[in-house]
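Morning, everyone. I want to talk about charged side chains today. Have a look at this one with me.

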Amino acid sequence: MIKQQLARLALIGVLSVSATAQAANVGVFGSYGNDYVSSLSALGHTVTDFGNVSFSASNLAGLDAVLMIRQATGNSDLTAFVNAGGTLITEWSSSGYGGSLLGATVTDNYSSYVTSDPVVFTAAGTVLGLGSGLGASYQAGGGTEFFQDFASIGSGTILATRGSSGATAIIGGAVGLGYVFVNGYDWADTTDASTAKLLDNEIRAVTTAVPEPESYVLAIAGLGVLGMMARRKKVVAAEDAATA
């Protein structure tokens, strides 16, 4: 019983660092952003809805990730945020700016409307963890209807395609020390648990926050306990071999 309790303590210590490292400070900019504040908060993130304000060094300070929703306009401060290590996730018409950071060409295409078109993750998207909790694809009714055209993807990698046509739906790639996810469709049109999970997966895929000091203490204590248990097993095994 004591050994089981010690092992449980060790596991809790190690996992506490992992859990803390994955949560992020997220800023939402543009229209419809408030729809995802509560859902992403419920998934462990600290989320602030800035609404339709311009990006500035002051409102970007302290953020790990930015959700750039339609009507938000990119600027040099946002570019600097990404280059310094921030994560940018776009939506629908903001995809043009996100794509430009990757050297991609992304434009509106209203004629590509398909009701609830599935978003299918590629092998690269799956490896990155975008399908975690979602499976090979997902669809969100009015939140997967209108898609952008990707004339080129620049330095990006195709992470998801459209189920109806195989056309590109999401690309991603590193920009400076940061990362950009160009989600080229209207995911903010609905408040959907699947969409919230996708955003959570994207944030956690590349965002690493600094663990709290108490998490380090728990992890060190836990690893120390595991080490002592391993050494004890070796001693017992050696003693058993000597008396055999």
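Start with lysine 197 and aspartate 200. Their side chains form a salt bridge, with N and O 3.2 Å apart. This is a predicted model, so every value here is computed from it. Both residues sit in helix α7, 3 residues apart, so about one helical turn separates them.

How accessible are the two partners? Lysine 197 is partly exposed, at 23% relative accessibility. Aspartate 200 is buried, with a relative accessible area of 2%.

Aspartate 200 has another partner, arginine 204. That salt bridge has an N to O distance of 2.6 Å. Again we are inside helix α7: arginine 204 and aspartate 200 are 4 residues apart, about one turn of the helix. Arginine 204 is partly exposed, and its relative accessible area is 23%. So aspartate 200, the buried residue, meets lysine 197 and also arginine 204.

Now stay on this helix. Helix α7 covers residues 193-206, and glutamate 202 is in it. Which side chain of opposite charge is nearest to glutamate 202? It is arginine 204, and it is 12 Å away. Glutamate 202 is buried, yet it has no salt bridge. The cut-off for a salt bridge is 4 Å, so at 12 Å arginine 204 does not qualify as a partner for glutamate 202.

What does glutamate 202 touch instead? Leave out residues up to four places away in sequence. Then the contacts are Ile89, Leu130, Ile170, Phe181 and Asn183.

Aspartate 189 pairs with arginine 70, and their closest N and O atoms are 3.0 Å apart. Where do the two residues lie? Aspartate 189 is in the loop between β11, residues 178-183, and α7. Arginine 70 is in the loop between β3, residues 65-68, and α4, residues 76-83. The pair therefore ties together parts that are 119 residues apart in sequence.

Buried or exposed? Arginine 70 is buried, with a relative accessible area of 7%. Aspartate 189 is partly exposed, at 33%.

There is one more member here. Glu91 joins Arg70 and Asp189 in a network of salt bridges.

And the total? How many salt bridges does the count come to? The answer is 5.

To recap. Aspartate 200 is bridged to lysine 197 and to arginine 204. Glutamate 202 is buried without a salt bridge. Arginine 70 and aspartate 189 link two loops. That's it from me. Questions, please.

Methods
Residues numbered from 1 in each chain as written. Predicted model: local features only at pLDDT ≥ 70, side-chain atom pairs only at ≥ 80, totals over all residues. Heavy atoms only, no water. Buried < 20%, exposed > 50% of the residue type's maximum accessible area, 1.4 Å probe, protein only. Lys, Arg positive; Asp, Glu negative; His and termini not counted. Contact = heavy atoms within 4.5 Å.
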